[in-house]
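This briefing sets out selected features of one protein model, grouped by topic. Please read it alongside the sequence and the coordinates.

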Amino acid sequence: MGSSEVSWKLPDHPKLPKGKTVAVVVLDGWGEAVPNLYNCIHVAQTPAMDALRLTAPEKWRLIRAHGTAVGLPTDDDMGNSEVGHNALGAGRIYAQGAKLVDLALASGKIYEGEGFKYIKECFESGTLHLIGLLSDGGVHSRIDQLQLLLKGASEHGAKRIRLHILTDGRDVLDGSSVGFVETLENELSKLREKGVDAQIASGGGRMYVTMDRYENDWGVVKRGWDAQVLGESQHKFKSAIEAIKKLREEPNANDQFLPPFVIVDENGKAVGPIVDGDAVVTFNFRADRMVMIAKALEYGDFDKFDRVRFPKIHYAGMLQYDGELKLPSHYLVSPPEIERTSGEYLVHNGVRTFACSETVKFGHVTFFWNGNRSGYFNPEMEEYVEIPSDSGISFNVKPKMKAEEIAEKARDAILSGKFHQVRVNLPNGDMVGHTGDIQATVGACEAADAAVKVILDAVEQVGGIFVVTADHGNAEDMVKRNKKGDPLLDKGGNLQILTSHTLQPVPIAIGGPGLAPGVRFRKDVPDGGLANVAATVMNFHGYEAPTDYEPTLIEVVDN
Ligand SMILES: O=C(O)[C@H](O)COP(=O)(O)O
Ligand SMILES: [Mn+2]
Ligand SMILES: [Mn+2]
C-alpha cells in the first residue's frame, strides 16, 4: 500500500474514550530475571516499578523483546534498541537487517544488486575496504556475514581487500576481540593463498573509534577517519593481533574503548589508507552508529571535522542507514520497509505527541519509533525534545545520566495539557549496564525508577493513563552464565561480566486514573511481544489499531 492510498482514519474504539493524556515510558535495557546479586534491577531500590507490579497484578505482565518476536533471525538473538523501538512504534514484526542480510548472502542476491555492482567497478584497479564491527553480537553486524562477504567479493573479482575493524566488548564479552581477530586473520590467510591481497589495515574500539551516534561526538568519527582513510595513528603495529594484545595491556583497557591503530609495513607505511579509485563498504547492518561515518564518506559538503583528504571512492553501506536522507545512496541490501507506523496514524487522527530522551537514545524514541524515519510527520502536532547527554565520559561515572531532566520535561509536557501522548526513553539501565559496572548499574536503575515516579505523579494529576515498558533486557543480568544458569568465571577466577543485552522478557505496566474501569490485560495473547504495544496504546487514545497490526494486549470487561 503506497502512502497516498492509505486510509489514515482509525476506527473508534467501542469502549474507550479519546482525549486522554497517555504517558509512554520506555525503560531502556530493563528486563525481568530471577532475583540475585547480579540482577541490578532487583538489587536497586525501585519503589515505583515495584508498586506497579505488586498493587495491580492484572495490569502488569511480561512481553517478549528478543529473537523472532522482534524480527531477528532466531530466538538465540538478544533484543536491541533498534528492533525493539521499531516493533514498539510499528505495531508489526518486520524481518530486520540481520535477517535480510543473511537471506541476501545465502541466495547470492547481494552480488546481483545495484550496490554491489557499483563497488565492483573499482575492483579492477582499486582496493575494496570493509569497515565495521568485528564480533558475533548480531546487534550491528556479524562476523559470519563478514566472512561470507569476503569470500563472495573475492569470487566476484576483488583482488585487493583491506579491513578496518572495530572491536566490540559491548554486545559480546570484553576481551573477545582477540578471538575474533584470529578468526578473521585465518579467513584472510585463506584468501591470500588464493592470490587475493587481503589484510587488516586499521582498527580501534567501537565506542572510541567511528561508531558514535546521533552526533554526540564527531571526534569519535574523526579518530576513525584518520586511521582508516589517512592511514594515520600514533599506534602503529605490524599486525592486528599484536595491536590488540598490546593495547589491551594498558591499565583499564577495554575492547569498547581501544585507541585507533594502523597496520604498517616494514618501512613503517600504512598498508591500507583509502585513496581515489577505491571501493568502501561499511558492513554493519544497523543504522544508528553508521550514519555519521556514512556522511563523512559520502558528503562532498561536510564541516564536522577536517577530513584533510576526501578520496573519490565508490561507497556502499550494507544497508541504507537513513531512508529520509537516502544515506548512503548506494547499499548492498534494502532495509525493511517499515510504513504506517502508529505515530503516523495517530498524528493523522489528531493525537498530539511529545517525545523526549537524551542524546544517546533520542533517535530511539523518534527515528526508530517512527520506522527509521527522521523528523516530524506533522510539526504542528508533534514536539521532539533532545536533552544533551554528557559526552566524553563512560556512563558509570554519572549513572543518573539525564533521567531527572527527561522526567521533568515529560512532567511539564503532561501538565501543559498540550499533548495526548508523552513518550520518553530512560536510558540508564542500558547505557550503564553496557559499562559492566554493577554498582553503577544499580544506581542507574534507581535513577530511572525515580524518573518513572515523577512521570506517574504527573499522569495522576491530569487524570491520564500510563504505559511503562522496556525495549530489551540488560541491567537485570550482569554476568555470563553456563547452561545451568550459574555465573561463569574466567581463567583467572574472575566473574565474566556481561555488558550486553539479554534474551529476557520485559515488563509492561498500565494504569492511571484515566484508565477506564474494566481495562485489564487479556489472557489470550500469552506470547505477546513489543509489537503488541502499539495497538494497546492506540486503544488508550480511543482508537482501534489497523487490522494488520499485532493484536492489542488489553480487553475491557464490564464491571
Ligand atoms: O549500540 C549500542 O550501544 C549497543 O550495541 C546496543 O545498544 P542499544 O541497542 O540499546 O542501542
Ligand atoms: Mn535499548
Ligand atoms: Mn544497549
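Contact here means heavy atoms within 4.5 Å. This is a predicted model, in which local features need pLDDT of at least 70 and side-chain atom pairs count only at pLDDT 80 or more, while totals for chains, interfaces and linings use all residues. Residues are numbered from 1 along each chain as its sequence is written, chains are lettered from A and ligands numbered from 1 in the order in which they are written, and side-chain values use heavy atoms, with hydrogens and water left out.

**Asparagine 532**
- Asparagine 532 touches Glu550, Pro551, Thr552 and Leu553, not counting residues up to four places away in sequence.
- Its C-alpha atom is 5.1 Å from that of glutamate 550, although asparagine 532 and glutamate 550 are 18 residues apart in sequence.
- Asparagine 532 lies in the loop between β16 (519-521) and α16 (533-540); helices (H or I, at least four residues) and strands (E, at least two) are DSSP runs, numbered from the N terminus.
- At 6% relative accessibility asparagine 532 counts as buried, a term for under 20% relative accessible area, with exposed for over 50% and partly exposed in between (1.4 Å probe, protein chains only).
- A polar atom of the asparagine 532 side chain lies 2.8 Å from the backbone nitrogen of glycine 529, and a polar atom of that side chain lies 2.9 Å from the backbone oxygen of proline 551.

**Annotated domain**
- The unreviewed UniProt entry places the feature "domain: Metalloenzyme" at residues 20-544; UniProt positions are given in the numbering used here, feature names are shortened, and annotations may be inferred rather than shown by experiment.
- Over residues 20-544 the chain is 32% helix and 16% strand, with the end C-alpha atoms 15 Å apart.

**Helix α9**
- In helix α9 (residues 240-247), the buried residues are Ala240, Ala243, Ile244 and Leu247.
- Viewed down the axis of α9, these buried residues fall within an arc of 90°, so they line one face of the helix; the arc is that of the directions from the helix axis to the C-beta atoms.
- The buried residues of α9 pack against β4 (160-167), α7 (177-193), β5 (197-205), β6 (236-237) and β7 (261-263).

**Aromatic rings**
- Rings of Phe, Tyr and Trp (its six-membered ring) pair if their centres lie within 6.5 Å; planes under 30 degrees apart count as stacked, over 60 as edge-to-face and the rest as tilted.
- The count by this rule is 12 aromatic pairs.
- The ring centres of phenylalanine 237 and phenylalanine 261 are 6.4 Å apart and the planes are at 85°, so this pair is edge-to-face.
- Because phenylalanine 237 lies in strand β6 and phenylalanine 261 in strand β7, the pair ties together parts that are 24 residues apart in sequence.
- Phenylalanine 237 is buried, with a relative accessible area of 10%, and phenylalanine 261 counts as buried at 0%.
- The rings of phenylalanine 354 and phenylalanine 419 have their centres 5.3 Å apart and their planes at 55°, so the pair is tilted.
- One aromatic cluster is formed by Trp218, Trp225, Phe302 and Phe305.

**Backbone geometry**
- Leucine 327 and proline 328 are joined by a cis peptide bond, with omega about -10°; proline 328 is in the loop between β9 (314-319) and β10 (331-333).
- Threonine 210 has a positive phi, near 75°, and is buried, with a relative accessible area of 0%.
- Asparagine 372 has a positive phi, near 65°, and is located in the loop between α12 (359-368) and β12 (382-387).

Methods
Polar contact = N/O pair within 3.5 Å; in protein donor to acceptor, adjacent residues only side chain to side chain.
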